[in-house]
Structures are given as structure tokens and as C-alpha cells.
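Biologist: Could we go through this structure together? I would like to begin with a single residue and then move on to other topics.

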Amino acid sequence: EAKAQGKNTFAIYQEQMSQHVSARLQMEKHLRNALSNNEMYLCYQPKMEITTGKIIGVEALLRWRNPELGLVPPNVFIPIAEETRIILPISHWVVDQTVKQLKSWRNTPFQDLSIAINISSSQFSAEGFITNLATKMQEADVPNRLLEIELTESTVMTNADTNIKLLRELRKLGFELAVDDFGTGYSSLSYLKRFPLSILKIDKSFIDGLPMDEEDISISEAILHLAHNLNVRVVAEGVETLKQLNFLEERQCEYIQGFVISKPLKSDDLEVWLTEHAENFYQSATYRALRN
Ligand code: C2E
Ligand code: MG
Ligand code: MG
Ligand code: MG
């Protein structure tokens, strides 16, 4: 009886496994053709300077809509793209799109906006990464300071010694460097001061519990102290409420990004949104609505 049940359970498990494997292979197949089929696009999420309410930049976030699979979240397809190295052509495309966007904003009201891009580990360590970036920016005649490179803690910490050299080179060229999802990895704090970083992004998971949760309060305050002592500016990610915004403002957090300001928007919608919030965010109808 028990044995039969065990076997049964295993058979179900096997079936689920093979379904899982074939779904994943299916996705991989679609992913290989995603760029050539024009299925990818970028959305941009505004980033606000807390003291002034000015929108100072945006983060480019990759989107993939496949006719069969629908909209696949980056947290699902990026890891697969990484494992299969499909991430390399995709990353090149992201850089090209971003540079194009920055170029199209030259001599417009948006010309001082920076764009942050997420750089995967294999992209960062790929031969010629920096040269490619610098060449494309130069060809487009866009100042490097308008491009911000977001790396995760684990990307930075793996091969730390090699990476420090790459990071120094990027900084020397004028690119901004941000550590994404800060607090979720295991950064050695003593290493942190050796990295030429400009920005730390506090992970959303520590923002969620603000302003009530004791642990989230301690962690976010500690990160802010640490960053400010190292002369690094801080972005709080995933800010959704006015209470969270106030908490961060009181603790001199420099920037916020999150649904309280705006969701990620397609390029056209972004420009409309930016125009509506051109004065500063606190003067906008969006902010008035939040306060009511
Ligand atoms: P990330 O770089 O940490 O990006 C922030 C994520 O939080 C984005 O999810 C964004 O849409 C979401 N978010 C922002 N504000 C809020 C908020 O207030 N509430 C909630 N619930 N979510 C918020 P998204 O776009 O799904 O991207 C997920 C991750 O995928 C990114 O995390 C990044 O690690 C990766 N990713 C996205 N685009 C690229 C890319 O072009 N290249 C690479 N290598 N990775 C990318
Ligand atoms: Mg990011
Ligand atoms: Mg993040
Ligand atoms: Mg994340």
C-alpha cells in the first residue's frame, strides 16, 4: 500500500519534472529568437531627488513579450539568458537602445537625464565590455556621466581584485557606478571602501517594512550611515508609499525610485510623464493625489 503510493508520487514527480524541463526548453527556444523577432523593448522608471523633487534619471528595465508565452518577467528570463549566454547579444541590444535614447534627448528638455542599465555578471566580465560602451557613447556624442552602470553585489564581489580594476577604469571614463539590490548579498564592508562606487541602491525588501518594521529600520539606517561615510549616494528602491518617502527624507536618503513616483514606462509614455512632472514632483497632480 505505502509502496504503491510512493511509486505513484514518484511518477507524478517525474511527470512534473519533464513538464518543467520542456517548458524551460520551450522558453529557451523562444528566447533565442526574441531579438530578431522584435519581441524585446525597454521601459524606463523615473528616479527622484528627494530634497528637490526633481527627476534626475531613469532606470532602463528590459521587457520581453512573446506571442505564445505572453509577457515574461525579467526575473524569469534573465537567469535563463545568463545560463545559455543568450544574455550577450541581448545586453548589446540594451546598450545600443540606451545610447540611442540618450542621443535622442540631446538638445531637448530631457538632455540632463541619466539612464541606468543593469549589467549581468557575464556581460561585465566579457572581453571588450568597457571599450564597447565607451566607443558607442563617443560615437553618439553623449557624455559618459549620463550612463549609470548597475551591478549586483555578487557581480562585484566575485573576482573582486579584477573587478576593482574594471570599476576604476569605468569611473575614470566618467561613468557612474551603482551597486544594485544592496544588502541582499554578502558584501564585505571592508572591500566596499576599495570600490570606486558612486551609488548604493537599497533593496526593496528592506524598504517594504518601513516605517514600522524594526529590522528594516535598522538595516536601512545602517546602509545610509555606511554609504554617507564612504561618500556614496543612496537610492531607495521599490518605494511605494508616502510614509516610506518621509522616513527616507528624514534620514537624508538622496534618491528614490518606486511606484510612489512612477511605474516603469515605455519611452513615449515616459516623455509625456516627464513633461507633466517637469517643474518638480511635489508640484504635480500625482503628488497632490497622494496627499489626499
Ligand atoms: P532591479 O534592477 O533591482 O530593478 C528593480 C525592479 O523592481 C524592477 O523589476 C522594477 O519594475 C521593480 N520595481 C520598482 N519599483 C517598484 C515598486 O515600488 N514596487 C514593486 N513591487 N516593484 C518595483 P523588473 O523590471 O521586473 O526587473 C527585475 C530585475 O530584472 C531587475 O531588478 C534586474 O535585476 C533584472 N533586469 C531588468 N532589466 C535588465 C537588463 O536589461 N539586463 C539585466 N542583466 N538585468 C535586467
Ligand atoms: Mg537595477
Ligand atoms: Mg534592484
Ligand atoms: Mg532586484
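Biologist: Is Cys-43 buried or exposed?

Modeller: Please note that this is a predicted model. In it, Cys-43 is buried, with a relative accessible area of 7%.

Biologist: And what about Cys-253, buried or exposed?

Modeller: Cys-253 has a relative accessible area of 3%, so it counts as buried.

Biologist: How many disulfides does the structure hold?

Modeller: The number of disulfides is 0. As background, a disulfide is a covalent bond that joins the sulfur atoms of two cysteines.

Biologist: Let us change topic. How many helices and strands does the protein have?

Modeller: The secondary structure comprises 13 helices and 10 strands. The radius of gyration is 21 Å, close to the 19 Å that the globule rule gives for 292 residues, so the protein is as compact as a globular protein of that length. Along the principal axes, the C-alpha atoms fill a box of roughly 70 × 50 × 45 Å.

Biologist: What share of the residues is buried?

Modeller: Of the 292 residues, 46% are buried.

Biologist: Which residue bridges ligand 3 and the magnesium ion (ligand 2)?

Modeller: That residue is Asp-180, and the two ions lie 4.1 Å apart.

Biologist: Next, charges. How many salt bridges are there?

Modeller: A search of the whole structure finds 15 salt bridges. One of them joins the side chains of Glu-83 and Arg-24, at 3.3 Å from N to O. This pair links distant parts of the chain, with Glu-83 in helix H2 (residues 74-83) and Arg-24 in helix H1, 59 residues apart.

Biologist: Which residues are networked with Arg-24?

Modeller: Salt bridges link Arg-24, Glu-28, Arg-32 and Glu-83 in a network. Within that group, Glu-83 is exposed at 59% relative accessibility, and Arg-24 is partly exposed at 26%.

Biologist: And Lys-47, which residue does it pair with?

Modeller: Lys-47 forms a salt bridge with Glu-148, and their closest N and O atoms are 3.2 Å apart. Lys-47 lies in strand E1 (residues 40-49) and Glu-148 in strand E5, so the pair ties together parts that are 101 residues apart in sequence.

Biologist: Why do these two count as buried?

Modeller: Buried means under 20% relative accessible area. Lys-47 has 2% and Glu-148 has 4%, so both count as buried.

Biologist: One last topic: which residues make the nonpolar surface patch?

Modeller: Phe-10, Tyr-13, Met-17, Val-21 and Leu-25 make a nonpolar surface patch of about 490 Å². Leu-25 is found in helix H1 (residues 2-33) and is exposed, with a relative accessible area of 51%.

Terms used:
Residues numbered from 1 in each chain as written. Chains lettered and ligands numbered in written order. Predicted model: local features only at pLDDT ≥ 70, side-chain atom pairs only at ≥ 80, totals over all residues. Heavy atoms only, no water. Patch = residues over 30% accessible without salt bridge, like charges linked within 9 Å, V, L, I, M, F, W, Y side chains within 5 Å. Areas by Shrake-Rupley, 256 points an atom, 1.4 Å probe, with all protein chains shown as cover. Salt bridge = Lys/Arg side-chain N within 4 Å of Asp/Glu carboxyl O. Helix = DSSP H or I, 4+ residues; strand = E, 2+ residues; numbered from the N terminus. Buried < 20%, exposed > 50% of the residue type's maximum accessible area, 1.4 Å probe, protein only. Disulfide = S-S within 2.5 Å. Donors = N, O, S within 2.8 Å, 3.2 Å for Na, K, Ca; no water. Rg over C-alpha atoms; globule rule 2.2 N^0.38 Å.
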